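Work through the exercises below with the sequence and the model at hand. Try each task before reading its solution.

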Amino acid sequence: MAQLLRVQNFMVSSDGVAAGEDQSFENPFGLPGAERLFSWAGATASWPNRTDPGGSRGLDDYFTRDFTQNIGAEIMGRNKFGYQRGPWTDHEWQGWWGDEPPFHTPVFVMTHHERPSITLSDTTFHFVGGDPADVLDQAREAAQGKDVRLGGGVTTVRQFLDADLVDTLHVAVSPVRFGEGLRLWDSPDELLDRYHLDVVPSPSGVVHHLFWRKSR
């Protein structure tokens, strides 16, 4: 079977905003109240950062558990790795993900400023240049037959959509509005020329949008 490029658990507001312009060390999403985008996932029993027992089961938990299913590598933009811009000035700081990143696979960080790879626990971050197709080729090789997850941020997801490389998308739309910021879309209907769509509301208030590619 072909290796898929999958967007999973990507979180946007009801007006399509996934991040803001004012990203910083203290505010990784660059949005006021960004936690409202991912509170549904944090409430589930399978949330990887959960430190106490409990959490919800059901639909939202299914998507949280599916995050790692058959994934052999991840691609992310530099802004998902960290807040630094331009040439790397602080090689000691190793991203937002801590000593035990949740990926457990090779991760390919797209950047115009390459640097040596770093390994944290069972995750190795590779800092690579090139266009989306080139980076996807590298990630597929590293994934060893498994699928590749496209982790974001929103600008990176748009790049791969524009290059027509994404096979499936799961987008969780939260019932909040930001009014301004970096948008995945103005409407999910923008993708219907290329994708089928199922829309599944959750009791949490989040609406899960499931896209899969139409036959070419």
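Predicted model: local features only at pLDDT ≥ 70, side-chain atom pairs only at ≥ 80, totals over all residues.

Residues are numbered from 1 along each chain as its sequence is written, and side-chain values use heavy atoms, with hydrogens and water left out.

**Exercise 1. Strand S4**

Find the strands that pair with S4, and say how well S4 is covered.

Solution. Start with the limits of S4: residues 106-110. Helices (H or I, at least four residues) and strands (E, at least two) are DSSP runs, numbered from the N terminus. Two strands pair if DSSP finds at least two bridges between them. Next, look at strand S3 (residues 71-77): four bridges link S3 to S4, in the parallel sense. Here Ile75 stands opposite Phe108. Then turn to strand S6 (residues 123-128), which runs parallel to S4 and is joined to S4 by five bridges. In this pairing Val107 faces Phe125. Last, check the cover: four of the five residues in S4 are buried. Buried means under 20% relative accessible area, exposed over 50%, and partly exposed in between (1.4 Å probe, protein chains only).

**Exercise 2. Salt bridges**

Describe the salt bridges Arg65–Asp61, Glu74–Lys80 and Asp193–Arg194.

Solution. Take the rule first: a side-chain nitrogen of Lys or Arg lies within 4 Å of a carboxyl oxygen of Asp or Glu. The whole structure has 13 salt bridges.

- Arg65 and Asp61 meet at 3.0 Å, N to O. They are four residues apart in helix H2 (residues 59-65), so about one helical turn separates them. Arg65 is partly exposed because its relative accessibility is 46%. Asp61 has 1% and so counts as buried.
- Glu74 and Lys80 have their closest N and O atoms 3.0 Å apart. Glu74 is buried, at 0% relative accessibility. Lys80 is buried too, with 19%.
- Asp193 and Arg194 meet at 4.0 Å, N to O. Asp193 is exposed at 58%, while Arg194 is partly exposed at 22%. Both belong to a network of salt bridges that also links Asp164, Asp167 and Arg213.

**Exercise 3. A negative patch**

Which residues gather in a patch of negative charge on the surface?

Solution. The members are Asp131, Asp134, Asp137 and Glu141. Patch residues have over 30% relative accessible area and no salt bridge, and like charges are joined within 9 Å. Now place Glu141: it is in helix H4 (residues 132-143). Its relative accessibility is 66%, so Glu141 counts as exposed.

**Exercise 4. Backbone angles**

Find where His104 and Gln144 lie and give their phi values. Then locate the cis peptide bond at Gly153.

Solution. Recall the background: most residues other than glycine have a negative phi, and most peptide bonds are trans.

1. His104 is not a glycine, yet has a positive phi of about 60 degrees. It sits in the loop between helix H3 (78-81) and S4. At 45% relative accessibility, His104 is partly exposed.
2. Gln144 has a positive phi near 55 degrees. Its loop runs between H4 and S7. Gln144 is exposed, at 72%.
3. The peptide bond from Gly152 to Gly153 is cis, with omega near 0 degrees. Gly153 lies in the loop between strand S7 (147-152) and helix H5 (154-162).

How values were computed: Patch = residues over 30% accessible without salt bridge, like charges linked within 9 Å, V, L, I, M, F, W, Y side chains within 5 Å. Areas by Shrake-Rupley, 256 points an atom, 1.4 Å probe, with all protein chains shown as cover. Lys, Arg positive; Asp, Glu negative; His and termini not counted. Charge placed at Lys NZ, Arg CZ, Asp CG, Glu CD.
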